[in-house]
Amino acid sequence: MRNGPGTADLQRWSEEVARDPGSPSFLPLAEAYRRMGKTEAALRLCLRGLERCPGSVDGHLLLARIYLELGERERAADEWAITARLDPDNFDAHRGLGFFHLERGEYASAGRHLERAALVRPGDPAVQEALAVLRRHLAKSGGASQTAAMANGSGAPELAPPEARNGAGGSAPAPTTGRVETAAQPRVAAAKRVETAPQPTAPAASAERVDEVAQPPARAATAEAVEAAPQVTAAAQPTTGTATAAGRSPAGAAKAPGAGGLDPARVFEPLSKEAPFLGALLLDGRGLILAGSVRVGGTTRSEALGAVVGPAAEEAARTAALLSIGRWRGILIETDRALLHVAPLEEDLLLLVATECGTPVGWVLRTAERAAELARRFLAEGVV
Amino acid sequence: MSDAVASTLDRLSHVPGVRSALIVDAEAGVPVASELGMGASATAVAALTASLFRRTDEAVRQAALGGLGSFQLETEEGHLVVAGRRELIVVVVADRDAQLGLIRLEVDRAVEALQ
């Protein structure tokens, strides 16, 4: 579709969404924003719309696409997974998941999803290419039995030799097997591949063909952002996508809040005398540490926790909204090595408290309240 | 539904304050069995909670904290408790004033029963 919506359409959709964020108009409006390059606005619209309509297949698909453009591949995969749950024969969801797993070297999962996609839409060239790549890779790495299993699977598509299709594609694709093997490295793909969403490992020729049919070219800036996205999972990235900002030490934030006197690294020291207490962190919405530290097993874990807590809290908040159980107030996470409590403090700040495994939950909650008081005091001094 | 799963779910759903209880395939994000409150969609709850559990598990592993055992979300209107160790996870949606101690105990039992 080359002609975008007109001003009147945008105005009408905007009015409808303003009246009711769950109005079906959130979809075309978010898509229009996405195409205009207003990706963050599109993301907000989509999230808000899905809070009201969690069963919207198109909404989850659009959200996956937006996440992909933001470089958040894990989140995109989550949305495809939800879509596939809601609509088990959804081609886009299975294609997206197929490429996602292929890129990560998860060949069994990749095969399952790609075959499902091929069953739904047998003629899709990108899926066929990916299946060929997958089979070639499995054969090369001695996975003959898996290759055979794929071919014998329920309705596995007939695969022409990839070389033949490459020739038909009219351009020389990059060695696709090599691309799979180096999937953990930054993308070398072009803007069009980004726009076609689930195409990360497809040969360029196929990606272009699909793109011509399905979507207009992406903005260069968006493509660059996705290309530059670090290949760590979205869970480890701060919400802004600037992974490098996540692990700044408290000292780096010393002249922000709390500059009035308290040492940011020692804000929660009054709690450290109590045995199960491993530490606490005051974090901003981007995962930056404002104060505190956490040690688990004798090793400082502040930076790693700072990086993962923000996205985890965001995901929890979103799930709570989608399940219609109100705004989130706290998360208790029990792991093999620690018990974590995360709660919103004020504005977009988060407070994390870590304790030993097996600590009574009631004690953790009380300690979290005391940590919140210390954090507020620290922030108040900063204001002075 | 096996007897073990059925009785586990039955116990969970009878804890005061529990709105919905589900056993979910964590990998596939689909409900294996469910006792749902009014207006709840097993498909949506299973998909969302499985996704949340997987992502949180991945996050804590990246932070070198080992695997995820359970996840408890407190909200203005209730609680979401998700726990599990293998492919099946136990999901409970409960009222705000529900007996969380009892719910956690039953969830732990359910996880053990499903091992």
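Guide: A:Thr83 lies in helix H5 of chain A, where a helix is a DSSP run of H or I of at least four residues, a strand is a run of E of at least two, and both are numbered from the N terminus. The model is predicted, so local features need pLDDT of at least 70 and side-chain atom pairs count only at pLDDT 80 or more, while totals for chains, interfaces and linings use all residues. Residues are numbered from 1 along each chain as its sequence is written, chains are lettered from A and ligands numbered from 1 in the order in which they are written, and side-chain values use heavy atoms, with hydrogens and water left out.

A:Thr83 has a relative accessible area of 0% and is therefore buried (under 20%; exposed is over 50% and partly exposed lies in between, with a 1.4 Å probe and protein chains only). Leaving aside residues up to four places away in sequence, A:Thr83 touches A:Val57, A:His60, A:Leu61, A:Asn90 and A:Ala93, a contact being heavy atoms within 4.5 Å.

A:Asp89 sits in the loop between helix H5 (73-86) and helix H6 (91-103) of chain A, and A:Arg116 in helix H7 (residues 107-120), so the pair ties together parts that are 27 residues apart in sequence.

Helix H7 of chain A can be checked for length. Its 14 residues should span 20 Å at 1.5 Å a residue, and its end C-alpha atoms are 20 Å apart, which agrees; the expected span is 1.5 Å times one less than the number of residues. The buried residues of H7(A) are A:Tyr107, A:Ser109, A:Ala110, A:Gly111, A:His113, A:Leu114, A:Glu115, A:Ala117 and A:Ala118.

For chain A as a whole, there are 16 helices and six strands. Of the 384 residues in chain A, 54% are buried. Of the contacts in chain A between residues at least 6 apart in sequence, 59% join residues at least 24 apart. A salt-bridge network in the chain links A:Glu31, A:Arg34, A:Arg35 and A:Glu69. Over all chains, the structure holds 20 salt bridges.

Chain A also meets chain B through helices. The axes of helix H15 (residues 302-322) of chain A and H2(B) come within 10 Å and cross at roughly 170 degrees; axes are lines fitted to C-alpha atoms, for helices over the stretch in contact, and angles run from 0 to 180 degrees between N-to-C directions. H15(A) is therefore roughly antiparallel to H2(B) (over 145 degrees; under 35 is roughly parallel, 65 to 115 roughly perpendicular and the rest oblique). H15(A) contributes A:Val308, A:Glu315, A:Ala316, A:Thr319 and A:Leu322 to the contact, and H2(B) contributes B:Leu48, B:Ser51, B:Leu52, B:Arg55, B:Ala59 and B:Gln62. By class, the residues of this contact are six nonpolar, three polar and two charged, with Ala, Val, Leu, Ile, Met, Phe, Trp, Tyr, Cys and Pro counted as nonpolar, Asp, Glu, Lys and Arg as charged, and the others, Gly among them, as polar.

H2(B) is mostly covered, with 16 of its 21 residues buried. Those 21 residues should span 30 Å, and the end C-alpha atoms are 30 Å apart, which agrees. B:Asp57 counts as buried at 18% relative accessibility. After H2(B) comes B:Ala64, with a positive phi near 60 degrees.

Elsewhere in chain B, B:Arg19 and B:Asp95 form a salt bridge with closest N and O atoms 2.8 Å apart. B:Arg19 is in strand S1 (residues 18-25) and B:Asp95 in strand S5 (residues 88-95), so the pair ties together parts that are 76 residues apart in sequence. B:Arg19 is partly exposed at 32%, and B:Asp95 is partly exposed at 27%.

Key
A salt bridge is a side-chain nitrogen of Lys or Arg within 4 Å of a carboxyl oxygen of Asp or Glu.
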